[in-house]
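Please read the following account alongside the model, which is a predicted one.

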Amino acid sequence: MELAMRAYSRRHRRMLRNRNAAPLMLVADGNGFADVLAALGRLLYRYRSELAPLTTVLVLAMAGELLHTEHPQWWPYVAGAAVVLAGVVGATGAPFRAEQRSERVYATAAVFAAGGWLSAAAKLGPSRDPLPTLLGLAVLAGGLPWWTHRRRRMRVTVDRTIQAWPDIAEQVGLAGSRVLSAVVDVWGWRARIALRGGQTVADVVAHVPAIESGLGTRPGAVRVEPDPAHAGRATIRVLATDPHAEAIRWTGPSVRSITQPITLGVFEDATPVRVSFLRRHALIGGIAGSGKSGILNVIVANLAACADVVLWGIDLKGGMELRPWLSCMDRLATTPAEATQLQRDAVGILEARAKAMGEDAARVWNPSPQHPALIIITDEYAELAENAPLAADAADSVARRGRALAVTELAATQRPTQKAMGNGALRAQMDIRIGLRVRERRDTDLILGQGMLAAGWHAHTLDAPGKFLISAEGLDHPRRARGFLVTDEDVATEAARWAPIRPPLDDLSAAAVGTARDAEADGSGEVLEGEIVDGSVDPESVLWAALREAPDEGVTIPELIMTTGMQRTWIYLRLQQHARNGRAVQVSRGRWRAADPHRESPAA
Ligand SMILES: Nc1ncnc2c1ncn2[C@@H]1O[C@H](COP(=O)(O)OP(=O)(O)OP(=O)(O)O)[C@@H](O)[C@H]1O
């Protein structure tokens, strides 16, 4: 395939060299008849590809006539040569550059039929019945697939574009640029361009709409990629068909282990978006309806197929998004209390793993079905940060320390401001950033990282649900992608399909559940037991609500003791933790309230 493409490029280079010679053939001398002939010649040359079936039968008829009159006894050699050539074409595609299977079948059948006909014509004469009828039928039978073949038409378009490039370049403001080579692929074609001295890739990018108009493509069909090795060169990519035009149906998980990269969807050039979630925290952001849950479903559907990952979920929207995956989740938290306990248990697990690995002197936790990775998936993280701030603190801890221990966070949220992310270090720790559509340009930086908007990551221009930009290891160019569409039925099917293979936590991790230390809170490492209660009354949520609803002058400690039903020490520890993370302020001696809940953090 690659060879064939190179051959194609060589042919174009030859064509480009010959370009100056071509007009010589069409020179007219001002005489009317010669002008008409020259115009006809130009027309025939221009449409030579479309005329190929007719030209072929014409050549066959003439060759048949010639052989019949001069060497009728050669017919067996003609038949033999046709069989050999058909064999070569079938095996290699040469000399017709038939790369795809269907192209080879077509070329082999055509060679075989043409050779058979010629052999018969040599022996019997081309006008002997039914040879003329057969030739007529052959034009139709061979011509229809030929005229409608997409790649052939694309090659013709490319040839014509290359011929016309100097004029197009002049029209679009890139005068002096040259096409070095061009290749046709499944989705369209691409050409390497050498720019005139002083022109840069930025000039080409600035002229993209003009290039689209000059090439006569649909708007948005042209992409420009720099040549990493040469500042004066660029690749122009023309996508005849937009892989993102329609929703892309998901066809099943691409992995069976967390150690393999997951395919989330396809880039605009139809290459797959593959990203590894092993030891990486991930953030998915975008406005409501941009497709966050869609991407989350693709990820969960893949992770569900991995027997070396335990999935924990947090969905404070009543489990709307993650509950369908319940059969594949080891645990699902749908209330702030459950979420806090869950994140604390994750901290407990990473501490237990760190301790065990310290003893074993092993450096990283290598996931296996017996020792699975743990991924905590939170849908709408802002809800968690707002309603269960201590869960967010524990998540911070996981984010900072979890990578090597294969305990990672995967969070989706609309606008990941510092506040929405719990004012902690979580956002900074997220190595995979998936930005779906945002409303305001600057929100791109919130999701993908500071300076990304200026660097050309334009999440505000994404124009359909499921389209995203991704920044992760090895994915550091702003390329638009679209996630697979996982329907509700797909979720139901996959959840049932993978439930039987879901692994339990390893014994070490399972033993750590429920013994989480609140080192963040008390700084002492003392185990705080019984602070999370089952059922609806969760003192932490009650405390947080009391602080948020407190008047400007704050609430007193006795009031907080009464509201929460907890002891003074417990209240103090929580207040200190909230204050440390900028969520609560001591208004005056003994009086507390939440830091202005409506104020956006300046860091946001
Ligand atoms: N990859 C995709 N391709 C095509 N359509 C998609 C894709 N992902 C999502 N959609 C469609 O977009 C709509 C919104 O998707 P989704 O619910 O995932 O958005 P969201 O960002 O999670 O919204 P919310 O924040 O309101 O939950 C759905 O109707 C869904 O069918």
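**Helix packing and strand pairing**

In this predicted model, the axes of helix α11, which spans residues 292-304, and helix α17, which spans residues 488-498, come within 9 Å and cross at roughly 20 degrees. Since angles under 35 degrees count as roughly parallel, α11 is therefore roughly parallel to α17, and the crossing of the two helices is left-handed. On the α11 side the contact is made by N297, A301 and A304, while α17 contributes V491, E494, A495 and W498. Sorted by class, the residues of this contact are five nonpolar, one polar and one charged.

Helix α8 (residues 150-172) packs against helix α10 (residues 208-215) at an angle of about 135 degrees, their axes lying 10 Å apart, which makes α8 oblique to α10. Here the crossing is right-handed. The contact involves T161, I168, Q171 and V172 from α8, together with A210, I211, G214 and L215 from α10, and its residues divide into five nonpolar and three polar, with no charged residues.

Turning to the strands, β6 (residues 262-267) runs antiparallel to β7 (residues 272-275), and four bridges join them; within this pairing, T263 has R274 of β7 as its bridge partner. The two strands form a hairpin with four residues between them, and in the turn A270 has a positive phi of about 70 degrees. Strand β6 also pairs with β15 (residues 481-485), in the antiparallel sense and over three bridges, with V266 standing opposite R482 in β15.

Another part of the model holds an open sheet of three strands, in the order β16-β18-β17 and with antiparallel pairing. Strands β16 (555-556) and β17 (584-588) are at the edges, and because each has a single partner strand, one side of each is left without a neighbour in the sheet. Between β16 and β18 (residues 591-594), which run antiparallel, there are two bridges, and T556 stands opposite R591 in β18.

Helices accompany this sheet as well. Helix α20 (residues 539-548) lies across β16, β17 and β18, and runs at about 95 degrees to β18. Helix α22 (residues 568-580) likewise packs on the sheet, where it touches β17 and β18, and its direction makes about 110 degrees with that of β17.

Methods
Residues numbered from 1 in each chain as written. Predicted model: local features only at pLDDT ≥ 70, side-chain atom pairs only at ≥ 80, totals over all residues. Axes fitted to C-alpha atoms, helices over the stretch in contact; angles between N-to-C directions. Parallel < 35°, antiparallel > 145°, perpendicular 65-115°, else oblique. Left-handed = near helix turned anticlockwise from the far one by under 90°. Contact = placed C-beta atoms within 7 Å. Nonpolar A, V, L, I, M, F, W, Y, C, P; charged D, E, K, R; others polar. Pairing = 2+ DSSP bridges.
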